[in-house]
Amino acid sequence: LFTIQESIAQQDLQLNGQQIYSYGINKKSDIQGSVYLNENFVLGKVDNSEKNFLLRFNSYENRFENKADDGTVIKLDKVYNKISLTNNVTYQLINYRSLEGNIEKEYLEQIQNNSFLYKTVKTNFIDAKEPVNGYDTAKPAKYVLAKSSYVVKYKESYYEIPEKTKDLEKLFPEKSAEIKAFVKQNKLKLTKEEDVIKFANFINN
């Protein structure tokens, strides 16, 4: 493995990362599913770059990959704050507080150009399962897209949004009464994206 700085002369790239393989190599795997939302590379800008790069998102590792002009695939270092793809999808590298109280640093997908709201995009790996008896069948290992959770910006910090109103009130105790009234009045379901958008706009109003 080598850093992209070592190969700028040959590839004319300005992104930091590590070469992982040459694109086009047939890589056999018994694992079902994919670590990519889209196997294809899409043009996009990195931070404020004027140049478009061929990019795709590995949602298992939460890393972006770039395909260079010579077919080399580079796994980008997690140092870029914004990735804007030409399919109108934007990712931001954000530190947020998870429901467990941990601080996570991940690329999150921005919701409808709303600077207050993002969602997680994750893929989980499930191990293969051997049959336990003659009636059972073996199940291969697979990658499965996880259910997204929502992350809201509030006072320059970011928080994963719980699905229960009571937990939401505890997360923002200084606005507990207002949150309770707003959710009840608007009959919000915090599992529905359109309702989460309403909440994000409300709490940042």
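The structure is a predicted model, in which local features need pLDDT of at least 70, side-chain atom pairs count only at pLDDT 80 or more, and totals for chains, interfaces and linings use all residues. Residues are numbered from 1 along each chain as its sequence is written, and side-chain values use heavy atoms, with hydrogens and water left out.

**The nonpolar cores**

- A nonpolar core is a set of buried Ala, Val, Leu, Ile, Met, Phe, Trp, Tyr and Cys residues joined through side-chain atoms within 4.5 Å; buried means under 20% relative accessible area, exposed over 50%, and partly exposed in between (1.4 Å probe, protein chains only).
- In soluble globular proteins, nonpolar side chains tend to be buried together.
- Here the largest nonpolar core has 21 residues, and L117, V152, I161, F172, I179, F199 and I203 have the most contacts inside it.
- Two or more residues each come from strand 12 (150–154), helix 2 (165–171), helix 3 (176–186) and helix 4 (193–203); helices (H or I, at least four residues) and strands (E, at least two) are DSSP runs, numbered from the N terminus.
- Helix 4 gives the largest share of this core, 6 residues.
- A second, separate core has 17 residues, including L15, F57, Y80 and Y107.
- Leaving aside neighbours within four places in sequence, V152 is in contact (heavy atoms within 4.5 Å) with residues including F116, L117, I161, F172 and I203.

- Why does E65 count as buried? E65 does so because its relative accessibility is 2%.
- The side chains of E65 and Y36 are joined by a polar contact of 2.8 Å; such a contact is a pair of N or O atoms within 3.5 Å, where, within protein, one must be able to donate a hydrogen and the other to accept it, and residues adjacent in sequence count only if both atoms are side-chain atoms.
- Strand 4 pairs with strand 3 (residues 53–58) in the antiparallel sense over 4 bridges; two strands pair if DSSP finds at least two bridges between them.
- N58 stands opposite R63, and N62, in the turn of this hairpin, has a positive phi of about 55 degrees.
- Strand 4 also pairs with strand 5 (residues 72–76), antiparallel over 3 bridges, with N66 and I74 as bridge partners.

**A loop residue**

- A138 lies in the loop between strand 10 (123–126) and strand 11 (142–145).
- Not counting residues up to four places away in sequence, A138 touches K129 and P131.
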